[in-house]
Amino acid sequence: MSDTKTEILAGLRSALADHPAAPEVPREYRRSSEISAADTLDMLEDRLIDYKANVYRETTGSIAGRIAELLGESTRVVLPPELDGQWLPEGEQYQWIVDTRGSEEGETLTAEELNNADAVVTSSTVSCAETGTIFLSGQKDEGRRAITLVPDHHICVVRTDTVVELIPESLERLDPVAPITMISGPSATSDIELVRVEGVHGPRTLDVIFLQS
């Protein structure tokens with residue numbers, strides 16, 4: 001054992017010698033919404049737009065047309081294994097590429113195949129209006145984390161009944177052991193000379209569709 005490691009472990013033993021108890025975490029913060037569902041949805045939309053995402057409000061009858069509009073000339077589109085087919089536009093020009101990881105048929109798409117895709121369409125688990133954050137948790141209509149990080153264009157469907165005001169409310173709807181991805185607008189960084197650059201480590205374009213339930 002190295003001298004440095006011995007010194008570190010000795011310090012830990014010394015610090016824990018009197019068996020200190022961890023302090024109780026205060027829980028006085030607000031844990032439930034105090035505004036209407038409509039105001040919560042408006043708040044989420046404002047936050048997402050502020051983060052440079054594009055937001056649309058659709059119904060089951062209009063969502064396919066909106067997705068067709070958003071895809072434009074994009075034809076190679078990645079889908080999670082159990083996305084609702086009613087959301088997708090019809091047309092021979094589309095090549096729907098299903099990433100079937102975790103199911104009995106098909107294979108997981110490679111990083112190169114994901115990189116060659118034009119876009120990805122997914123659902124979502126829950127969204128927090130206060131922070132403008134959409135949570136994905138690897139559900140079968142959301143897919144694994146990689147399919148929403150590699151393609152340059154992400155179309156994310158947010159059911160209006162999954163929108164809550166606060167982070168505590170959001171966490172209560174999530175499986176704590178699920179692979180959670182939190183999205184607040186398109187990928188962006190200002191690390192280099194404080195210049196905002198989008199698409200560095202995730203989609204350059206984020207389109208969010210609020211689907212009226």
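## Overall shape

Let's start with the chain as a whole: its radius of gyration is 21 Å, whereas a compact globule of 213 residues would have one near 17 Å. Keep in mind as you look around that this is a predicted model. Along its principal axes, the C-alpha trace spans about 70 × 45 × 45 Å.

The protein chain contains six helices and twelve strands. Among contacts between residues at least 6 apart in sequence, 70% join residues at least 24 apart. Of the 213 residues, 41% count as buried. The accessible surface comes to about 12,500 Å², and 49% of that belongs to carbon and sulfur atoms.

Which of its residues are buried?

After α3 comes G72, with a positive phi near 60°.

In soluble globular proteins, nonpolar side chains tend to be buried together. Here the largest nonpolar core has 17 residues, and those touching the most other members are I63, I67, L71, W87, V121 and I155. Two or more residues come from each of α3, β2, β4, β7 and β12. Helix α3 gives the largest share, four residues.

Leaving out residues up to four places away in sequence, I155 touches I67, L70 and L71, along with V120, V121, T122, D207 and I209. There is also a second, separate core of 16 residues, which includes L41, V55, I134 and V158.

## Cysteines without a disulfide

How many disulfides does the structure hold? It holds zero. Take C128: the closest cysteine sulfur is that of C156, and at 14 Å the two are too far apart for a bond. For C156, likewise, the nearest cysteine sulfur is that of C128, and C156 is in no disulfide.

Are these two cysteines buried or exposed? C128 counts as buried because its relative accessibility is 0%. C156 is buried too, with a relative accessible area of 0%.

T40 sits in helix α2, which covers residues 37–50. With a relative accessible area of 3%, T40 is buried. Setting aside neighbours within four places in sequence, T40 is in contact with I35, A129, V163, V164 and E165.

P168 belongs to helix α6, residues 167–172. Its relative accessibility is 16%, so P168 counts as buried, the cut-off being under 20%. Which residues does P168 touch, not counting those up to four places away in sequence? They are Y29, R30 and R31. P168 and Y29 are 139 residues apart in sequence, and their C-alpha atoms are 9.2 Å apart in space.

Terms used: Residues are numbered from 1 along each chain as its sequence is written. This is a predicted model: local features need pLDDT of at least 70, side-chain atom pairs count only at pLDDT 80 or more; totals for chains, interfaces and linings use all residues. Side-chain values use heavy atoms; hydrogens and water are left out. A disulfide is a pair of cysteine sulfur atoms within 2.5 Å. Buried means under 20% relative accessible area, exposed over 50%, partly exposed in between (1.4 Å probe, protein chains only). A nonpolar core is a set of buried Ala, Val, Leu, Ile, Met, Phe, Trp, Tyr and Cys residues joined through side-chain atoms within 4.5 Å. Contact means heavy atoms within 4.5 Å. The radius of gyration is taken over C-alpha atoms; the globule rule is 2.2 Å times the number of residues to the power 0.38. Accessible areas come from the Shrake-Rupley method with a 1.4 Å probe; for residues, only the protein chains shown count as cover.
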